[in-house]
Amino acid sequence: MQPQDKNPKPETRNSKLSEIIAGTMNWGVWDKKLNTQEMIHLINICIENKITTFDHADIYGGYTTEAQFGKAFGESKISREKLQLISKCGIQLEGSRSNTIKHYDYSKEYIIWSVENSLKNLQTDYLDVLLLHRPSPLMVADEIAEAVEKLKSEGKIIDFGLSNFTTSQTELIKNKTEISYNQIQFSATHHEAMLDGSLDYMQTHNIRPMSWNPLGTVFREDIEQTRRLKKLLVQLVEKYGVGSDTILLSWVLKHPSKVIPVAGTVNIARIQQLIKAVELPLDNLDWFAIWTESMGNKVP
C-alpha cells in the first residue's frame with residue numbers, strides 16, 4: 001500500500017476553503033503555547049468539524065508558530081489534500097531578524113523568500129492562499145505582481161489575496177494581478193466594511209472577504225455596545241438553541257459578500273459548535289436587531 005502524498009501534484013490540488021477558517025495566531029507562544037501533540041489533536045478536531053482551512057502569518061509567535069504547526073502537521077500523517085493552508089507576509093517585526101524598527105517589505109525578492117520560508121516551516125510545498133498582511137505606502141504593484149506570478153507558475157501558491165487593504169489599495173494591486181481574497185476586520189461590533197464600500201467593492205470584483213476577529217469585542221469589552229448586544233443575545237440563544245458565538249458568526253455569514261470568518265478559538269467544545277453557524281437560519285429581523293443594538297440606534 002502506497003503512502004498518501006502529503007503534497008499532491010498541482011493538477012490535483014483543491015484550493016476550496018472551508019466556510020469557517022481556523023485562525024492559528026494564538027496557538028503558539030503568543031498565547032496558548034500548545035505543544036506538538038496538542039496541535040495535532042486540535043488540527044484533527046477542526047477537520048472532523050468541517051473546518052479544514054488554517055490561517056497563518058509568518059509573524060505569529062514571533063516567527064515561530066508556522067514551524068510549530070508544521071512539525072505537528074508532519075507528525076500527524078494527515079494528507080495535505082485534506083486541509084488548506086493560508087499564510088501572510090510583509091510585516092517585519094521590530095526586534096526580530098535584526099530589525100531595528102517595525103516596517104513592511106513587499107519587494108519581489110522578499111515575497112518569494114518569505115513564501116519559501118513559510119513552505120519550509122509548514123512542511124508543505126504549496127500554500128492554498130498567500131496574503132499580503134498589511135498595506136505599505138512603499139509597495140510597488142508591478143513588483144508584487146511579478147512575485148505572485150512567479151510563485152503561481154512554480155506551483156508554490158494557488159491563490160493570492162490581501163489583508164487589511166482598502167478599496168483603493170486593492171484596486172492598485174488588482175490592476176496588475178488577480179486578487180481572490182481580502183482578509184479584513186468585520187463583525188457585529190466592527191461593521192464599517194459594509195458601510196464604507198469595502199464589501200460592495202469585493203462583491204463587484206469577485207473578491208471573497210475573510211473576517212478576522214469575527215466575534216468582535218462582545219466577549220472582550222464591557223461597554224454600552226457590548227452590554228446591549230449581550231442582552232439581545234440571551235433572547236436569541238433561547239430562540240435558536242445555539243451559543244452566542246454561533247449567532248454572531250451567523251450574523252457575519254449572512255452578508256451577501258459571502259464572508260469567511262477566521263475563528264481563533266482553541267476551545268474544543270466551541271470548535272464543535274462553530275460549523276452550526278453556516279446552516280443557522282438567522283432571520284432578517286434578528287440580523288437587523290443585532291446591528292441596531294451594536295449601533296445603539298435604529299437603522300438610517
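In this predicted model, T226 is located in helix α8. Its relative accessibility is 0%, and T226 is therefore classed as buried, the threshold for that class being under 20%. A polar side-chain atom of T226 lies 2.7 Å from the backbone oxygen of E221. When residues up to four places away in sequence are left out, the contacts of T226 are T217, V218 and E221.

Helix α8 (224–240) is also among the elements that cover the buried residues of helix α9. Helix α9 spans residues 244–253 and is mostly covered, with 10 of its 10 residues buried. These are S244, D245, T246, I247, L248, L249, S250, W251, V252 and L253. Besides α8, the covering elements include strands β9 (208–212) and β10 (260–263), together with helices α10 (268–274), α11 (276–279) and α12 (284–295).

Aromatic pairs in the model number 10. One of them joins W27 and F54 in an edge-to-face arrangement, with 6.1 Å between the centres and 80° between the planes. This pair connects distant parts of the chain, 27 residues apart: W27 lies in the loop between β1 (21–23) and α1 (36–48), whereas F54 is in strand β2 (residues 53–55). Both W27 and F54 are buried.

An aromatic ring also takes part in a contact with a charged group: the charged end of R80 is positioned over the ring of Y126, at 3.9 Å from the ring centre.

Technical notes. Residues are numbered from 1 along each chain as its sequence is written. This is a predicted model: local features need pLDDT of at least 70, side-chain atom pairs count only at pLDDT 80 or more; totals for chains, interfaces and linings use all residues. Side-chain values use heavy atoms; hydrogens and water are left out. Buried means under 20% relative accessible area, exposed over 50%, partly exposed in between (1.4 Å probe, protein chains only). Helices (H or I, at least four residues) and strands (E, at least two) are DSSP runs, numbered from the N terminus. Contact means heavy atoms within 4.5 Å. Rings of Phe, Tyr and Trp (its six-membered ring) pair if their centres lie within 6.5 Å; planes under 30 degrees apart count as stacked, over 60 as edge-to-face and the rest as tilted. A charge sits over a ring if NZ of Lys or CZ of Arg is within 6 Å of the ring centre and within 35 degrees of the ring normal. A polar contact is a pair of N or O atoms within 3.5 Å; within protein, one must be able to donate a hydrogen and the other to accept it, and residues adjacent in sequence count only if both atoms are side-chain atoms.
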